[in-house]
Amino acid sequence: MSSTGRIEVTSMLMTLSGPSTRAWSHLDARLPDGGAVVLRPLRPGETEALEAVFDGLSPRSRRQRYLTSMPRLPGYARRVLANVDARDHVAWLALVAGRPAGICRYVRTGRDTAELAFEVVDAEQGRGVGSVLVDAVTTVARASGVEWLEVVVEPDNAASVVLLTRLGIRLHLNDGLLEGRGRLRPLDPPSGVDRGAVRAAAIQHAGAIEDDEVAGGSGHEASKPREARDAELAPT
Ligand SMILES: CC(C)(COP(=O)(O)OP(=O)(O)OC[C@H]1O[C@@H](n2cnc3c(N)ncnc32)[C@H](O)[C@@H]1OP(=O)(O)O)[C@@H](O)C(=O)NCCC(=O)NCCS
């Protein structure tokens, strides 16, 4: 257990897979209750993990996440949500016992502004999974030049209000929804996730996406040269 008492990143694992020599990063971590969780960036086009997390959300959690009743995840939504590029659309996945347990993402809406969204399957809520995901993704966002975050949540979404307040986002009621925009700051108190390891994993992930494209892999957008992406993600 780390000094924060929340979570400890115990190692960084690499796996090799796919058509090129890309290496995808994982952070192997421990939750406050002693459970293990693996964090990693979502890969371009990885819709299976999205569906697995969606399947684990109750109707209430789906409504809280998508702000509408969402009995199923339509194909177009799956494609959009899986169209990550390691720059303007970044999503990280949490796995518990090898199963997808949660996702947090940011989508850039301006040069230095992004929208944040997250969800954790109901069976794993309240264990700290949301905190480590939000900590990891906001770490990547800050390293990528995101300075402002925007969010919209339902007023009765207490867990989200807790997390967003810890990011420094002030929420106000507008047309029945809580809207917020705030200067992005690190999650406080921190979840204990090793932010340096998160940044390193994000850099490696961006490189893996690029390698995949060079090898004729995903065909997803990730147009920046690797050096430019690495510079953007380097610790400041
Ligand atoms: C929001 C959500 C991701 C939080 O995930 P989680 O894994 O349960 O979060 P954590 O366990 O890290 O808890 C975060 C904090 O919220 C608090 N919290 C959780 N549920 C709460 C509740 N019902 N009331 C008050 N606080 C609550 C936790 O106690 C924790 O604070 P702590 O660190 O002081 O204990 C999860 O509830 C969820 O998926 N909700 C549905 C989707 C959603 O609302 N998305 C947000 C809109 S994009």
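**Entry 1: Helices and strands**

I looked up the helices and strands of the protein chain: there are seven helices and nine strands. Both are DSSP runs, numbered from the N terminus, with at least four residues of H or I for a helix and at least two of E for a strand. The model is predicted: local features need pLDDT of at least 70, side-chain atom pairs count only at pLDDT 80 or more, and totals for chains, interfaces and linings use all residues. Residues are numbered from 1 along each chain as its sequence is written.

Next I checked burial. A residue is buried if 20 or more other C-beta atoms lie within 10 Å of its own, exposed if 12 or fewer, and partly exposed in between, with C-beta atoms placed from the backbone. Buried residues make up 40% of the 236 residues in the chain.

Then I looked at contacts. Two residues are in contact if their C-beta atoms, placed from the backbone, lie within 7 Å. Among contacts with a separation of 6 or more, 65% come from residues 24 or more positions apart.

**Entry 2: Around the ligand**

Which residues come nearest the ligand? I found Gln64, Gly130, Ser131, Ala158 and Ala159, out of 21 residues around it. A residue counts as near if its C-beta atom, placed from the backbone, lies within 6 Å of the molecule.

Helix H2 (59-66), strand S6 (113-120), helix H4 (129-143) and helix H5 (158-166) each give two or more residues to this shell. H5 gives the most, with five residues.

I sorted the shell by type: nine residues are nonpolar, nine polar and three charged. Here Ala, Val, Leu, Ile, Met, Phe, Trp, Tyr, Cys and Pro count as nonpolar, Asp, Glu, Lys and Arg as charged, and the others, Gly among them, as polar.

**Entry 3: Helix H5**

I asked which residues of H5 are buried. They are Ser160, Leu163 and Leu164. Seen down the axis of H5, they fall within an arc of 95 degrees, so they line one face of the helix. The arc is taken from the directions from the helix axis to the C-beta atoms. Ala158 and Val162, on the other side of H5, are exposed.

What covers the buried residues includes H4, strand S7 (148-153), strand S8 (171-174) and strand S9 (177-183). Just after H5 I noted glycine 168, with a positive phi of about 90 degrees.

I checked the length of H4. Its 15 residues should span 21 Å at 1.5 Å a residue, and its end C-alpha atoms are 21 Å apart, which agrees. The expected span is 1.5 Å times one less than the number of residues. H4 is mostly covered, with 13 of its 15 residues buried.

Serine 131 sits in H4. It counts as buried, with 26 C-beta neighbours inside 10 Å. Leaving out residues up to four places away in sequence, serine 131 touches Leu163, Leu187 and Ser191.

The largest nonpolar core has 56 residues. Such a core is a set of buried Ala, Val, Leu, Ile, Met, Phe, Trp, Tyr and Cys residues joined through C-beta atoms within 7 Å. Leu39, Trp92, Val132, Leu133, Ala136 and Val137 touch the most other members. H4 gives the most to this core, with eight residues. Beyond its neighbours within four places in sequence, tryptophan 92 has contacts that include Leu39, Cys104, Leu133, Ala136 and Val137.

Most residues other than glycine have a negative phi, and most peptide bonds are trans. I looked for exceptions.

Leucine 67 has a positive phi, near 60 degrees. It lies in the loop between H2 and helix H3 (75-82). Leucine 67 is partly exposed, with 14 other C-beta atoms within 10 Å.

Alanine 86 has a positive phi of about 70 degrees. Its place is the loop between H3 and strand S4 (89-96). Is alanine 86 buried or exposed? Alanine 86 is buried, with 30 other C-beta atoms within 10 Å.

I also found a cis peptide bond between aspartate 188 and proline 189, with omega about 5 degrees. Proline 189 is in the loop between S9 and helix H6 (195-214).
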